[in-house]
Amino acid sequence: MKITKELLIKNDACREQVDLFCSVFPNGTRVTLATLQKARKNNLDIFWLEKVIPDSAWAKYREVRDPALAKYNEVRDPAWAKYNEVRDSALAKYNEVSDPALAKYNEVCDSALAKYNEVSDPAWAKYNEVRDSALSKYN
C-alpha cells in the first residue's frame, strides 16, 4: 500500500501531519516496517492508518498474528504462573519477617510517645498557665 499526500487529505489527516508527511516522504511511501519506523521517528501519527487498511490486509494480518499470539500465550501462561508462585512464596516469607518487626517498631514508638507525653504534658500545662496569665494582664 502506498501512502501519498492525496491519501492523507482524502482520509481527513490534519494539515500539520500532511505537511510533516510531505517533508519526510516527499514522493509518498510504501508501508513497510522501515518506513513506519522512520515515520514514528519523525513524529508522524501512524495510527490513523488503521482506517485505510483494506479488509484483505487485516485478514492477512490476523492470519499471521493469531498463531503467533497463541504460541506466545502458550509460553507466557506457564511462565506467569511460575512467577506468581515464586512471588507469593517470597511475599509470604517477607511478611513472616517484617510483620513482627513492624509490630515491635510500633510498640517502641507507642512507648516513646507515651513517655514524651508524660514529660511534655505538664510542661505544656505550665506554658498555657503562664501564657493565659500574661494575656489576662495584657488585655
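Colleague: Is Asp 12 buried or exposed?
Modeller: In this predicted model, Asp 12 sits in the loop between helix 1 and helix 2. Its relative accessible area is 67%. The cut-off for this class is over 50%, so with 67% Asp 12 counts as exposed.

Colleague: Where is the place of Asn 43?
Modeller: Asn 43 is another residue that has a positive phi, about 65 degrees, without being a glycine. It counts as exposed, at 59% relative accessibility. Its place is in the loop between helix 3 (33–41) and helix 4.

Colleague: Back to the loop between helix 1 and helix 2: does Asn 11 count as buried or exposed?
Modeller: Asn 11 lies in the loop between helix 1 (5–10) and helix 2 (15–24). Its relative accessibility is 17%. Buried means under 20%, so Asn 11, at 17%, counts as buried.

Colleague: Which residues is Asn 11 in contact with, leaving aside its neighbours within four places in sequence?
Modeller: A contact here needs heavy atoms within 4.5 Å. With the neighbours within four places in sequence left aside, the residues in contact with Asn 11 are Trp 48, Lys 51 and Val 52.

Colleague: How many disulfides does the structure hold?
Modeller: Take Cys 14, whose closest cysteine sulfur is in Cys 22, 12 Å away and too far for a bond. Seen from Cys 22, the closest cysteine sulfur is that of Cys 14, again at 12 Å. A disulfide needs the two sulfur atoms within 2.5 Å. The number of disulfides in the structure is zero.

Colleague: What relative accessibility does Cys 22 have?
Modeller: Cys 14 counts as partly exposed, at 42% relative accessibility. Cys 22 also counts as partly exposed, and its relative accessibility is 24%.

Colleague: What pattern does the protein follow, read along the sequence?
Modeller: Good moment to step back to the whole chain. The secondary structure comes to four helices and two strands. Read along the sequence, these elements follow the pattern β-α-α-β-α-α.

Colleague: Which residues does Arg 30 touch, not counting residues up to four places away in sequence?
Modeller: Arg 30 is found in strand 2 (residues 29–30) and is exposed, with a relative accessible area of 52%. Its C-alpha atom is separated by 8.8 Å from that of Thr 4, 26 residues apart along the chain. Not counting residues up to four places away in sequence, Arg 30 touches Met 1, Lys 2 and Thr 35.

Colleague: How many Å apart in space are Ala 90 and Lys 51, C-alpha to C-alpha?
Modeller: Ala 90 has its place in helix 4 (residues 55–138). It is partly exposed, with a relative accessible area of 43%. In sequence, Ala 90 and Lys 51 are 39 residues apart, and in space their C-alpha atoms are apart by 47 Å.

Colleague: And how many Å apart in space are Tyr 94 and Tyr 138, C-alpha to C-alpha?
Modeller: Tyr 94 has its place in helix 4 and is exposed, with a relative accessible area of 54%. Between Tyr 94 and Tyr 138 there are 44 residues of sequence separation, and their C-alpha distance is 60 Å.

Colleague: What radius of gyration does the protein have?
Modeller: The C-alpha trace spans about 90 × 55 × 20 Å along its principal axes. For a compact globule of 139 residues, the radius of gyration would be near 14 Å. The protein, by contrast, has 35 Å.

Colleague: What share of the 139 residues in the protein do buried residues make up?
Modeller: The accessible surface comes to about 11,300 Å², with 59% of it belonging to carbon and sulfur atoms. To count as buried, a residue needs a relative accessible area under 20%. Among the 139 residues, the buried share is 15%.

Colleague: One last one: how many Å apart do the centres of the positive and negative side chains lie?
Modeller: The protein has 22 positive side chains and 21 negative ones. The distance between the centres of these two sets is 9 Å.

Conventions
Residues numbered from 1 in each chain as written. Predicted model: local features only at pLDDT ≥ 70, side-chain atom pairs only at ≥ 80, totals over all residues. Heavy atoms only, no water. Rg over C-alpha atoms; globule rule 2.2 N^0.38 Å. Buried < 20%, exposed > 50% of the residue type's maximum accessible area, 1.4 Å probe, protein only. Areas by Shrake-Rupley, 256 points an atom, 1.4 Å probe, with all protein chains shown as cover. Lys, Arg positive; Asp, Glu negative; His and termini not counted. Charge placed at Lys NZ, Arg CZ, Asp CG, Glu CD.
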